[in-house]
Each structure stands twice: as C-alpha cells, then as structure tokens.
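Subject: Structure handover

Hello,

Here is the structure I promised to pass on. Please open it beside this email and follow along.

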Amino acid sequence: MRDSVIATLSGIIFGAGLALSGMMDPQRVRGFLDIFGVWDPTLAFVMGGAIFVMALAWLVQRTLDKPLAAPSFSLPDTSRIDAKLIIGAAIFGIGWGIAGLCPGPGIAALAINPTGALVFGISLLAGMGLHSALSSRARKA
C-alpha cells in the first residue's frame with residue numbers, strides 16, 4: 001500500500017511539473033528544437049533545473065545505504081556508449097522533434113489532449129513492438 005501511495009504521489013508531482021513547465025505542449029517543444037528558426041529557450045531552463053535537481057539527488061543518494069521506499073538502489077550497471085545507444089538516441093530525438101512529445105509528457109498529455117496523446121501512445125507502442133521483434137530476431141540469428 002505504501003509503495004502505491006508513493007508511486008501515485010510521484011506521478012502526480014511529475015505530471016504537474018510537466019504541465020507547468022510546458023513539456024506537454026508540442027508547439028513549445030518544437031519551438032525549443034527549432035534552433036535555426038524562431039527558437040524558444042524556455043525548455044532549456046526546464047532542463048537546466050532538472051539537471052540541478054538530479055545532481056542534488058545523486059549527492060544525497062551517495063550518503064544513503066538504501067532508498068526510503070525500497071530495499072536497495074537499482075542503478076544502471078553500465079556506462080558504455082555504443083552504436084546501439086547512439087542510434088536509439090537519434091531515433092528518440094527524431095520522434096521527439098516530429099511529435100513534440102517524449103514518453104513521459106506523451107502519457108501525461110492523455111489528461112489534457114487525449115486524441116493527440118493517444119495517437120502518440122499507439123505509435124510509441126508500435127515502435128516498442130517493432131524493436132522487440134527485431135531484437136529477438138537478431139538474437140536468433
């Protein structure tokens with residue numbers, strides 16, 4: 001029960017932050033990405049704020065033996081930069097530029113713009129399915 005409450009509160013805070021920052025507005029995102037046109041720097045401040053908060057979180061994490069709501073930390077075990085990571089990041093960036101949304105804001109946008117967010121969500125699921133199919137096919141070969 002406690003885990004569900006923490007997850008729900010975290011989701012509400014995250015969604016509210018996305019809404020207040022403009023990250024759920026595809027026009028604002030496209031304006032941020034249009035560096036050679038009418039560039040909107042607003043999201044740079046949002047991202048800078050997020051980097052600052054995350055840097056503080058990493059500092060606090062180093063002082064803790066375990067998280068407050070879990071038995072242990074679940075941190076990535078690799079920092080390798082390879083072709084798979086670069087290609088994935090490029091595909092993510094292209095999708096972000098086309099849709100004006102990334103997965104977090106896209107899901108949160110279901111509350112504000114259900115039609116557009118639903119098209120985004122279906123496309124996201126289709127892309128995930130395609131990746132899964134291609135990955136399993138590559139493992140078999």
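At 24% relative accessibility, does Asp-82 count as buried, partly exposed or exposed? Asp-82 counts as partly exposed. Keep in mind throughout that this is a predicted model.

**Salt bridges**

Start with the partner of Asp-82. Arg-80 forms a salt bridge with Asp-82. Their closest N and O atoms are 3.1 Å apart. Arg-80 counts as exposed, because its relative accessibility is 60% and the cut-off for exposed is over 50%.

The count of salt bridges comes to two. Asp-40 forms a salt bridge with Arg-28. Here the closest N and O atoms are 3.8 Å apart. Asp-40 sits in the loop between helix 2 (26-33) and helix 3 (42-63), while Arg-28 sits in helix 2, so this pair ties together parts that are twelve residues apart in sequence. Arg-28 is partly exposed, with a relative accessible area of 31%.

**Ser-21**

Arg-28 has another contact to look at. Ser-21 touches Arg-28, Leu-43 and Val-46, leaving out residues up to four places away in sequence. Find Ser-21 in helix 1, which covers residues 2-21. Is Ser-21 buried or exposed? Ser-21 is buried, because its relative accessible area is 13% and buried means under 20%.

**Aromatic rings**

Now look at the rings. The count of aromatic pairs comes to three. One of them joins Phe-32 and Trp-96. Their ring centres are 6.4 Å apart, and the planes make an angle of 55 degrees. That makes the pair tilted. What does this pair tie together? Phe-32 lies in helix 2 and Trp-96 in helix 4, so the pair links parts that are 64 residues apart in sequence.

Phe-32 is buried, with a relative accessible area of 13%. Trp-96 also counts as buried, at 13% relative accessibility.

Ala-44 is in helix 3. In sequence, Ala-44 and Phe-32 are twelve residues apart. In space, their C-alpha atoms are 7.7 Å apart. Ala-44 counts as partly exposed, at 31% relative accessibility.

**The nonpolar core**

In soluble globular proteins, nonpolar side chains tend to be buried together. How many residues does the largest nonpolar core have here? It has eight. Phe-32 and Trp-96 are among them.

Leaving aside neighbours within four places in sequence, Met-24 is in contact with Gly-15, Leu-18 and Ala-19, among others. Its contacts also include Leu-101, Pro-105, Ala-108, Ala-109 and Ile-112.

**Helix 6**

Last, go to helix 6, residues 114-140. Its 27 residues should span 39 Å, at 1.5 Å a residue. The end C-alpha atoms are 38 Å apart, which agrees. Buried residues in helix 6 include Ala-117, Phe-120 and Ser-135. What covers the buried residues of helix 6? The cover includes helix 4 (83-99) and helix 5 (103-108).

Best wishes

Notes. Residues are numbered from 1 along each chain as its sequence is written. This is a predicted model: local features need pLDDT of at least 70, side-chain atom pairs count only at pLDDT 80 or more; totals for chains, interfaces and linings use all residues. Side-chain values use heavy atoms; hydrogens and water are left out. Helices (H or I, at least four residues) and strands (E, at least two) are DSSP runs, numbered from the N terminus. Buried means under 20% relative accessible area, exposed over 50%, partly exposed in between (1.4 Å probe, protein chains only). Contact means heavy atoms within 4.5 Å. A salt bridge is a side-chain nitrogen of Lys or Arg within 4 Å of a carboxyl oxygen of Asp or Glu. The expected span of a helix is 1.5 Å times one less than its number of residues. Rings of Phe, Tyr and Trp (its six-membered ring) pair if their centres lie within 6.5 Å; planes under 30 degrees apart count as stacked, over 60 as edge-to-face and the rest as tilted. A nonpolar core is a set of buried Ala, Val, Leu, Ile, Met, Phe, Trp, Tyr and Cys residues joined through side-chain atoms within 4.5 Å.
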